[in-house]
Amino acid sequence: MAIATADFEFVCKLVDQRTGIVLDKGKEYLVESRLAPLAAREGLASLDLLVARLRKPGADPLARKVCDAMTTNETSFFRDLHPFETLRRTVLPDLIERRKATRQLSFWCAAASTGQESYSVLMTLLEHFPQLADWKVSFVATDICGEVLAKARAGRFTQLEVNRGLPAALLVKYFRKEGADWELISDVRKRVDFRELNLTTAWPAMPAADVVFMRNVLIYFSIETKKQILAKARRVMKDDGYLFLGGAETTLNLDEAYERVQLEKGSIYRKAARPALAAAA
Ligand SMILES: C[S@@+](CC[C@H](N)C(=O)[O-])C[C@H]1O[C@@H](n2cnc3c(N)ncnc32)[C@H](O)[C@@H]1O
């Protein structure tokens, strides 16, 4: 199904306004391949008809479906591995020391997609930090796309999905076979509070976060949108908290109030004006 130029431009504008995702000229193939299945599901024989319906008043539910279809939800367990090693070796030991008086930690996975990243963080805590068992640990995971959040909440993954990055020992320990799929045990699943949140609009009140995972989502946005989101993330982060970005993302030249900590593999980010350990609560 080919898309007419005017229809492509209309869809780009709609998706940009609602999600911040920038679709440049030349991405027609992407729009066609994502929207053709949606048109079929809606009983519409062509993309012309889909966009004609989108242009009519009262098309909000369809516009949401279009935006959902245009999000890229690619993810996997322990994606890129080294951020989870950094979490285990550097970030959590530091935060556990800083928070030993309050015994509270708070995590936020922004752009959580189908949940593999949040559950990888959670399994890292459970496997390596048993001393947190009686701490108050809160875990919020958000995404713009309701469909991926429903899958994340269900914690049910195909064989192919668990084959991508999940060590066999963790599969056996934390998952139960359900038909052809694997389901995360409910004790673990229910610890993550999955919520819908659009990073480009106003954010609802959230617990101040010690650790923010915001990986592989800024790449889709304009420079201005990246700047706005990074500034908002700073306001949600504790003063001595940590930010993880994707391998192709950075705060450099976007928000100088962060400092980058270069590690052997990859980097983490924290606020440039960060309290010293002795002064931390
Ligand atoms: C490529 S996935 C990244 C998933 C995970 N963070 C990872 O690195 O594996 C990008 C996610 O960003 C979400 N997303 C895109 N635009 C968004 C927005 N404006 N607000 C919140 N989430 C958004 C998509 O729905 C998608 O699930």
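Reader: How many residues surround the ligand, and which are the closest?

Author: A residue is near a molecule if one of its heavy atoms lies within 4 Å of it. Here 23 residues surround the ligand, and the closest are T19, T75, A111, D143 and N216. This is a predicted model, in which local features need pLDDT of at least 70, side-chain atom pairs count only at pLDDT 80 or more, and totals for chains, interfaces and linings use all residues. Residues are numbered from 1 along each chain as its sequence is written, and side-chain values use heavy atoms, with hydrogens and water left out.

Reader: What is the make-up of the shell by class?

Author: Ala, Val, Leu, Ile, Met, Phe, Trp, Tyr, Cys and Pro count as nonpolar, Asp, Glu, Lys and Arg as charged, and the others, Gly among them, as polar. The shell around the ligand has nine nonpolar, nine polar and five charged residues.

Reader: Which backbone atoms lie by a nitrogen atom of the ligand?

Author: A backbone N or O atom of R215 lies 2.9 Å from a nitrogen atom of the ligand, and one of I144 lies 3.3 Å from a ligand nitrogen. From the side chains, a polar atom of E117 lies 3.2 Å from a nitrogen atom of the ligand. The protein covers 99% of the 600 Å² of accessible area that the ligand has on its own (Shrake-Rupley method, 1.4 Å probe).

Reader: Is E117 buried or exposed?

Author: Buried means under 20% relative accessible area, exposed over 50%, and partly exposed in between (1.4 Å probe, protein chains only). E117 has a relative accessible area of 6%, so this residue is buried. E117 belongs to helix α6 (residues 116-128); helices are DSSP runs of H or I with at least four residues, strands are runs of E with at least two, and both are numbered from the N terminus. L122 also lies in helix α6, and L122 counts as buried because its relative accessibility is 1%.

Reader: Where does a positive phi occur in a residue other than glycine?

Author: Most residues other than glycine have a negative phi. In R103, phi is near 55°, a positive value; R103 lies in the loop between α5 (82-98) and β1 (104-109). R103 counts as partly exposed because its relative accessibility is 35%. In N253, phi is near 65°, also positive, and N253 is placed in the loop between β8 (237-245) and β9 (258-262). At 69% relative accessibility, N253 counts as exposed.

Key: A polar contact is a pair of N or O atoms within 3.5 Å; within protein, one must be able to donate a hydrogen and the other to accept it, and residues adjacent in sequence count only if both atoms are side-chain atoms.
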